Amino acid sequence: MTRDKYTIKFTQPVTSNKEGLQLATPEIVAKYIAKRLKTEIIADLGCGIGGQVIFFAKECKKVYAVERNPEKLEYAKRNCTLYGVDNVDFILGDALSEDTKEMVSDADIIFSDPARPLSEKERTLENLEPPVTGIIKLYSDITAELAFHAPPQMPPERINLDCEHEYLSLNGQLNRLTLYFGSLKECERSAVVIPGETRLCSTEAPVIKEGPLFDYVYEPEPSVVKANLLSELARKLAGTGKEILYYKGNEKRTLLTSPGLINSPFFKDRYLVLGRTEMDISKIKEKLRLEKAGKVVLRFDIKPEKYWETRIKLENGLSGTRTLHIFGFGDEVVICEKIKS
Ligand SMILES: C[S@@+](CC[C@H](N)C(=O)[O-])C[C@H]1O[C@@H](n2cnc3c(N)ncnc32)[C@H](O)[C@@H]1O
């Protein structure tokens with residue numbers, strides 16, 4: 001598969017303008033969302049170039065694809081034809097109008113993937129386009145089953161609604177937050193990892209224990225960290241006889257640790273711990289030489305303009321072949337080697 005401008009997100013050569021393609025949901029994510037929202041009739045309000053509609057059409061009997069931009073709606077039609085789906089009613093109109101509501105009034109689920117406005121002062125559910133709050137107000141008397149995408153970095157306190165917050169990571173990066181209402185809500189918070197579609201839900205799990213630094217450390221998937229599900233992950237692993245402990249971290253960088261090597265789809269990366277020292281260039285270099293390092297990857301808070309300067313200082317004089325990762329937490333650094341899966 002070539003990685004041209006379409007195939008980064010789609011397996012077929014979709015038709016779109018630049019903006020439509022940028023806003024489109026990647027096929028692999030759209031497939032997951034469509035499976036989770038499988039129903040008889042679904043309405044996608046603000047369907048863009050149809051990235052999500054195509055996969056709703058494969059899972060559901062009928063899809064309403066609503067879009068206010070005629071050019072994008074045209075692309076959506078062509079893209080549905082390209083993917084061989086013909087059970088979509090395309091509606092050119094404003095998602096917030098009574099006319100549109102009337103046309104989709106037999107939908108079982110109302111879905112929207114709103115765009116972020118170019119000039120937003122504060123990211124809220126009101127200033128997305130179409131606005132999530134406006135849709136909830138207008139469509140709640142049709143169905144309680146609503147689902148929305150929202151920016152994953154939006155602080156949870158700005159989403160003070162009774163819904164499931166599902167964070168999704170794609171190829172190790174936080175990709176989106178989806179809010180599920182009504183009977184679509186299965187728990188308070190959840191995390192999904194794609195590819196693989198493995199999912200973890202919030203429960204009353206005992207708080208993950210903090211541990212000393214063992215021989216192995218793990219970076220959990222960002223969706224697990226963002227959904228605050230480290231304790232649930234620890235409990236899940238404990239159920240399979242594997243103990244994992246919390247070492248250190250924050251929302252940007254978290255490490256779990258265990259004395260024996262374990263695996264989980266909820267780990268982004270696994271590392272062998274080689275040692276730890278102070279946040280001091282000469283002490284770190286000493287360890288790097290001992291471990292026959294040749295290259296380093298810096299995994300601590302550092303100003304972007306300082307990254308290469310520091311990295312070159314650390315690599316200067318190293319003659320080994322190993323690439324080592326240096327995690328930093330305050331005054332401490334942990335030197336590790338990534339375990340290839
Ligand atoms: C993030 S894009 C949707 C992308 C889509 N999920 C895809 O995969 O192609 C949001 C879309 O909502 C449309 N939109 C914004 N406000 C709307 C409104 N009030 N009524 C209908 N469409 C609207 C925008 O034109 C934009 O195409």
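**View 1. Contacts between the two domains of the chain.** In this predicted model, 15 residues of domain 1 are in contact with 11 residues of domain 2. The chain is divided so that domain 1 covers residues 18-199 and domain 2 covers residues 216-338, and the C-alpha centres of domain 1 and domain 2 lie 36 Å apart.

**View 2. The side of domain 1 that touches domain 2.** Strand 6, strand 7 (173-180) and strand 8 are the elements that give two or more residues to the side of domain 1 that touches domain 2, and strand 8 gives the most, with five residues.

**View 3. Strand 8 and its parallel neighbour.** Strand 8, which runs over residues 189-194, is mostly covered, since five of its six residues are buried. Strand 6 (residues 164-170) pairs with strand 8 in the parallel sense, over six bridges, and within this pairing Tyr167 has Ala191 of strand 8 as its bridge partner.

**View 4. The hairpin of strand 8 and strand 9.** Strand 9 (residues 198-201) pairs with strand 8 in the antiparallel sense, over four bridges, and Cys201 in strand 9 is the bridge partner of Ser190. Strand 8 and strand 9 together form a hairpin, with three residues between them, and in the turn the residue Gly196 has a positive phi of about 115°.

Notes
Residues numbered from 1 in each chain as written. Predicted model: local features only at pLDDT ≥ 70, side-chain atom pairs only at ≥ 80, totals over all residues. Buried ≥ 20, exposed ≤ 12 C-beta atoms within 10 Å, placed from the backbone. Pairing = 2+ DSSP bridges. Domains from an automatic or database assignment. Contact = placed C-beta atoms within 7 Å.
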